[in-house]
Amino acid sequence: MSEKINFEKKVLSENDRLAAVIRENLNARGILSLNLVSSPGSGKTSLLERTLKELGEKLNIALVAGDVQTENDANRLSKAGGRIVRPVITGGACHLDARMIDRALNKIDLSGTDVLFIENVGNLVCPSSYDLGEDMKVVLISTTEGDDKPLKYPSMFRRSSLMIINKTDLTEFTDFDIDKVKANARTINGDLEIFELSCRTGKGLDAWYEWLIDAAAKKKNSRQ
Ligand code: MG
Ligand code: ZN
């Protein structure tokens with residue numbers, strides 16, 4: 001048992017070392033990097049699709065799309081006009097790690113990039129333990145899930161800086177309580193910034209775009 005824990009510790013500390021190198025490289029280039037995490041089906045790919053379509057002119061966006069077995073999401077995102085979309089197939093692993101990101105980024109020309117999105121594997125558990133060198137984790141939750149998810153997966157919500165509530169157009173058909181999910185999330189993480197939107201109708205996307213443009217500009221200005 002303790003050997004297993006030691007092994008996990010070693011894997012994670014090696015991961016952290018590589019993540020620090022990635023972060024340094026992205027910081028030097030002033031690239032804002034966001035690690036998108038959620039359960040399967042919360043709408044990570046849909047959010048990225050719309051963001052690329054509607055912000056692709058204003059921001060130079062690169063993407064690393066993780067998937068367990070297919071390149072379906074990466075293909076969808078390429079069609080949406082991502083300047084660069086790099087698929088990463090984990091071959092069964094339920095999370096992305098810094099090594100996968102490092103390999104993917106080595107194949108991308110990052111010059112001129114404003115924002116790097118990493119679409120993680122749909123899973124609210126172990127992706128929270130793996131630093132990918134990102135500026136922040138963005139956790140998505142949709143109104144077709146339980147509004148107690150922040151309480152069930154506290155580590156993910158604690159380590160995220162932003163929470164996006166998606167599929168707000170469907171609340172009348174579900175028991176999901178938006179006020180409750182916000183309260184639950186804030187019990188875990190009082191600093192969490194929260195957006196409510198629908199990728200289907202587009203409602204609420206403006207605030208997200210505004211935040212993104214602003215955060216990318218701040219990151220560019222902070223370049224040392
Ligand atoms: Mg996806
Ligand atoms: Zn995993």
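User: Starting with Lys167, what's its relative accessible area?
Analyst: Lys167 comes out at 22%, which makes it partly exposed. Here buried is under 20% relative accessible area, exposed is over 50%, and partly exposed is in between (1.4 Å probe, protein chains only).

User: What am I looking at, and how is it numbered?
Analyst: This is a predicted model: local features need pLDDT of at least 70, side-chain atom pairs count only at pLDDT 80 or more, and totals for chains, interfaces and linings use all residues. Residues are numbered from 1 along each chain as its sequence is written, chains are lettered from A and ligands numbered from 1 in the order in which they are written, and side-chain values use heavy atoms, with hydrogens and water left out.

User: Where does Lys167 sit?
Analyst: In the loop between strand 6 and helix 7 (178-188). Helices (H or I, at least four residues) and strands (E, at least two) are DSSP runs, numbered from the N terminus.

User: What about the phi of Lys167?
Analyst: It is near 65 degrees, a positive value in a residue other than glycine. Most residues other than glycine have a negative phi.

User: Switching to metals. Which residues hold the magnesium ion?
Analyst: The protein donors are Thr45 (OG1), Asp73 (OD) and Glu119 (OE), lying 2.1 Å from the ion. Donors are N, O and S atoms within 2.8 Å of the metal (3.2 Å for Na, K and Ca); water is not among the atoms, so sites may look incomplete.

User: Where are Thr45 and Asp73?
Analyst: The pair links distant parts of the chain, with Thr45 in helix 2 (residues 44-55) and Asp73 in helix 3 (residues 72-79), 28 residues apart. Both Thr45 and Asp73 are buried.

User: And what coordinates the zinc ion?
Analyst: Cys94 (SG), His95 (ND1) and Cys126 (SG), at 1.9 to 2.2 Å. Cys94 lies in the loop between strand 3 (84-89) and helix 4 (98-106), and Cys126 in the loop between strand 4 and strand 5, so the pair ties together parts 32 residues apart in sequence.

User: Now the inside. Which residues touch the most other members of the largest nonpolar core?
Analyst: Leu34, Leu47, Phe117, Trp208, Trp211 and Leu212, out of 32 residues in that core. A nonpolar core is a set of buried Ala, Val, Leu, Ile, Met, Phe, Trp, Tyr and Cys residues joined through side-chain atoms within 4.5 Å.

User: Which element gives the most to this core?
Analyst: Helix 8, with seven residues.

User: What does Leu47 touch?
Analyst: Leu36, Leu140, Ile164, Leu197, Cys199, Leu205 and Trp208, not counting residues up to four places away in sequence. Contact means heavy atoms within 4.5 Å.

User: Leu36 is in that list. Is it buried or exposed?
Analyst: Leu36 is buried, with a relative accessible area of 0%. It lies in strand 1.

User: How do helix 2 and helix 8 pack?
Analyst: At an angle of about 70 degrees, with their axes 11 Å apart. Axes are lines fitted to C-alpha atoms, for helices over the stretch in contact, and angles run from 0 to 180 degrees between N-to-C directions.

User: Which residues make the contact?
Analyst: Helix 2 supplies Leu47, Arg50, Thr51, Glu54 and Leu55. Helix 8 supplies Leu205, Trp208, Tyr209, Leu212 and Ile213.
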